[in-house]
Amino acid sequence: QSDCETFFEGVWSSWSPCSATCGEGSKRRNRRCFSTTSLAQVEDRNCANKRDHFNQNQKCKLQDCPVNGGWGKWTMWSSCDQSCLDHPDNGGETKAKRTRRRHCNKPEAAFGGKKCEKDSKFKWLSHEKAEMDKPSVLLRRIRSLEKWLPHGARKTAS
């Protein structure tokens, strides 16, 4: 007799595999409604009216995803290296050098991701884990010896 029939929820199924192999994903499980008389599966509404009574979802994370490294912006050019200036007696040209660097930190490689690819056009600085732009050389003709004399000094004829 169906008037005396009662119903019960079955056991939860096992959780499904995580939907993502890395990073955040989700997993789910479900259960169904059964008749106590026939033990057959029946419509879920016989046990409850809400779907979440029969279905559960949960966040999951198996591991972090690899993050490949990326080059950051170049630093500003350094000041000129004044120790490399030639004296006017040596032809009057100056070769002032300056440099700039970039680091592999936008982002840093993580969780097995690839490091930044080094560019052979630049010098690798292993102690900084950075590339240095080869020195920019500034050439300037020094017009007169007066540029090298202290302020207010005068040239004398020899």
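A: Let us begin with a term: a pocket is an open set of grid points with protein on both sides within 12 Å along at least five of seven lines, and its lining residues have an atom within 4 Å of a point. The model considered here is predicted.

Q: Which residues line the largest pocket?
A: The lining consists of W71, H103, C104, E108, A109, K115, C116, K118, W124, E128 and K129. The space in this pocket is about 280 Å³.

Q: How many residues of that lining are nonpolar, polar or charged?
A: Five are nonpolar, one is polar and five are charged.

Q: What is the pattern of the protein chain along the sequence?
A: The chain reads β-β-β-β-β-β-β-β-β-β; it has ten strands and zero helices.

Q: What is the order of the strands in the open sheet of three strands?
A: The order is β7-β9-β8, and the pairing is antiparallel. At the edges are β7 (101-103) and β8 (123-125), each of which pairs on one side only. From one strand to the next, the twist averages 30 degrees.

Q: How many bridges join β8 and β9?
A: Three bridges join β8 to β9 (residues 130-132), in the antiparallel sense. W124 has E131 in β9 as its bridge partner, and W124 is also one of the residues lining the largest pocket.

Q: What share of the protein chain is buried?
A: A residue is buried when its relative accessible area is under 20%. Of the 158 residues in the chain, 20% are buried. Among contacts between residues at least 6 apart in sequence, 65% join residues at least 24 apart.

Conventions. Residues are numbered from 1 along each chain as its sequence is written. This is a predicted model: local features need pLDDT of at least 70, side-chain atom pairs count only at pLDDT 80 or more; totals for chains, interfaces and linings use all residues. Side-chain values use heavy atoms; hydrogens and water are left out. Two strands pair if DSSP finds at least two bridges between them. Helices (H or I, at least four residues) and strands (E, at least two) are DSSP runs, numbered from the N terminus. Axes are lines fitted to C-alpha atoms, for helices over the stretch in contact, and angles run from 0 to 180 degrees between N-to-C directions. On a 1 Å grid over the protein atoms alone, a cavity is a set of points where a 1.4 Å probe fits but cannot get out, and a pocket is an open set with protein on both sides within 12 Å along at least five of seven lines; lining residues have an atom within 4 Å of a point. Grid points are joined across faces, edges and corners, and a volume is the space filled by probe spheres set on the points. Ala, Val, Leu, Ile, Met, Phe, Trp, Tyr, Cys and Pro count as nonpolar, Asp, Glu, Lys and Arg as charged, and the others, Gly among them, as polar. Buried means under 20% relative accessible area, exposed over 50%, partly exposed in between (1.4 Å probe, protein chains only). Contact means heavy atoms within 4.5 Å.
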